[in-house]
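Subject: Structure handover

Hello, here is the structure you will be taking over. Please keep it open while you read the notes below it.

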Amino acid sequence: MLRRFVVLFALALVACSAKSEVKSGSGSSETHPAPGKPSFTLFTLAEVRGQIGPCGCTSDPLGDLSRSAKLIADARAAGPVLVLDAGSLLYAKSPIPPALDIEEEAKADLLVKTYKERLDVAAIGLGPADLAKTMASVRPARSVVNLKEPGDKVEAPKIIAIGGAKVGVFGVIAEDTIPGLALTDPVTASRAAIKDLRGKGAQLVIALVQAGAKKDATKLVKDIGGIDLAIAGLGQFAPEPDHAEPVEKIGDTWVITPVNRGQIIPRFDLTVRDGGKLADAIGPAAATARRAVLDAQLAAIDDDLKKFAADKSADPAFVKEKQVERIRLTAERDHLAVDPYAVPATGSFFLFDNVKVGKTLACDTGVQDLVTAFYKTTGDANAKAGAAIPVAAVAKGAAHYVGMDSCADCHQEAVDFWKKTVHANAWQTLVERGQQFDYECTGCHVTGYDKPGGTNMGHTDKLRDIQCETCHGPGSIHVDKGGLEKPFAIVKKPADDLCAGCHTKEHSDTFQHEAYLRDIVGIGHGPDARKALGEGPTGHSLRSAALDKAGRTLGAGCLR
């Protein structure tokens, strides 16, 4: 009991101190001024995995090469910029399916060209997505200190002079991260690199770390020591945008783990000064992100306190702890609102921001033109190669796909209804983006893709768009029999999980099964099913709300 009282008393003192700090912080004499112009700006990437542009089907597509190039170019116009990538740049798939080989290599070439000529990336680590083929296919040379047989594909640690500062950069791969890759001890090799870089005058040392999981990266950074900032690539465990991580301190090292496919790019505005450790000076962007986290935590505490108030068996001491925690978090949130800076008296420091690469950002039109040319060239090649491959044969006695025109003979009312749905425009949405023959897209915008008697990349003419047979199956027998066959040769009620094959989180972020069904059943096409669904949100309303939230206008110079 005495121990609990001491803990509560200490927490209360912290809370009182926090409230006092917020009160006094509201005066200009107590707030910290914004720091001056930084020495340089650092953009960090990892796990781009062959992405040059996102799927355009989501309400706020993230990760686009032309927008990233423009973001970095604008920053470079304002001051010195350093761009570093921890690796896994080249390929989206590993191993690469034979049909995708031309497309994947062309994307890799486009990324490398843009990294060199537009982004001016100073160093790139080596990750699993770079090795979908062999080490001989890796380009450009990568920064790795612990590759057993480096050869001409590896560059040594280096000093980069930027903004009046000297920055040392090296790459390292944790053991067991890339199967089959012969490595030396990462700790020994990294310590030797750091010693050499410091000896050459490096004021900051940045490591490009590849590891199989966050815990592996954390342990490696701890074991090495002496790193100021580590950029961690985590292979398939790289975070998604909804889990974008803030910069985190591990020992004396700051660690950032960029989300995959370049969807959010971490930005550091770094001021380099001699003396002391690198410090986080927070800044408005990081303060806003932290306040959002605090708001969520406070909402959860308020829910708990409401439940405790109605529960006579609740432990009063525990309730008090929650109340004190609420005061402390509120004080931190309110203080950040009036004073988002924490610039140290001495030593180097940074301001941090996770920048979303969304559709409202402006585009580098030169890079966008390269991407458009890529889609045209590879699309033509895909269509030509596909034309030589026949559609999968239908088993004897089985049905094949016949297309919407055959359905209209008996179901004109249903076809007329279908023409008003977004499914009827599925192919055109790809045409507008120039991606109708893109292997990442085509299969979900045509009917019967890769199915016997259906379509493939070179044979889509009669089955473009999401037609009746996507849900009801191939209809040749049903048509031939005039709908009088017994048993029925088509599927009357599609399986509930059918839609989820294309309406994935990555491609259809607002998808809800019942809501979307309200848009595609109705007059002449499942009126009873529509009635059973009742009133409620529709796919159209969900997507419209998401588009309003994300912004409907494309950034300056953007075509897609």
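Phe 511 has a relative accessible area of 21%, so it counts as partly exposed. Tyr 516 has a relative accessibility of 15% and therefore counts as buried. The cut-offs are these: under 20% relative accessible area is buried, over 50% is exposed, and anything in between is partly exposed, using a 1.4 Å probe and protein chains only.

Two notes on the source. The model is predicted, so local features need pLDDT of at least 70 and side-chain atom pairs count only at pLDDT 80 or more, while totals for chains, interfaces and linings use all residues. Residues are numbered from 1 along each chain as its sequence is written, and side-chain values use heavy atoms, with hydrogens and water left out.

Aromatic pairs

How many aromatic pairs are there? The count comes to 7. A pair needs two rings of Phe, Tyr or Trp (for Trp, the six-membered ring) with centres within 6.5 Å; planes under 30 degrees apart are stacked, over 60 edge-to-face, and the rest tilted. One of these pairs is Trp 427 with Phe 437, which is edge-to-face, with 5.7 Å between the centres and 75 degrees between the planes. Trp 427 is in helix α11 (residues 426-433) and Phe 437 is in the loop between α11 and α12 (468-472), so the pair links parts of the chain 10 residues apart. Helices (H or I, at least four residues) and strands (E, at least two) are DSSP runs, numbered from the N terminus. Trp 427 is buried, at 8% relative accessibility, and Phe 437 is buried too, at 18%. Phe 511 and Tyr 516 also make an edge-to-face pair, with 5.0 Å centre to centre and 75 degrees between the planes. Elsewhere, ring pairs link Trp 254, Phe 268, Phe 350 and Phe 352 into a cluster.

Salt bridges

The whole structure holds 31 salt bridges, where a salt bridge is a side-chain nitrogen of Lys or Arg within 4 Å of a carboxyl oxygen of Asp or Glu. Among them is Lys 107 with Glu 104, whose closest N and O atoms are 3.2 Å apart. Both Lys 107 and Glu 104 are buried. Because they are 3 residues apart in helix α3 (residues 101-119), about one helical turn separates them. Asp 223 and Lys 219 form another salt bridge, at 2.7 Å from N to O. These two are 4 residues apart in helix α5 (residues 214-224), so they too are separated by about one helical turn. Asp 223 is partly exposed, at 31% relative accessibility, whereas Lys 219 is exposed, at 54%.

Which residue forms a salt bridge with Asp 242? Its partner is Lys 505, and the closest N and O atoms are 2.8 Å apart. Asp 242 lies in the loop between β9 (229-233) and β10 (248-250) and Lys 505 in the loop between α13 (476-480) and α14 (513-520), so the bridge ties together parts 263 residues apart in sequence. Lys 505 is exposed, at 56% relative accessibility. Salt bridges with shared partners also join Asp 101, Glu 105, Asp 109, Lys 133 and Arg 139 into one network.

Strand β12

Strand β12 (residues 264-271) is largely enclosed by the rest of the structure, because 7 of its 8 residues are buried. Strand β12 pairs with β1 (residues 40-45) in the antiparallel sense over 4 bridges; two strands pair if DSSP finds at least two bridges between them. In that pairing, Phe 40 stands opposite Leu 270 in β12. Strand β12 is also joined by 8 bridges to β14 (residues 349-356), again antiparallel. There, Ile 264 stands opposite Lys 356 in β14.

Regards
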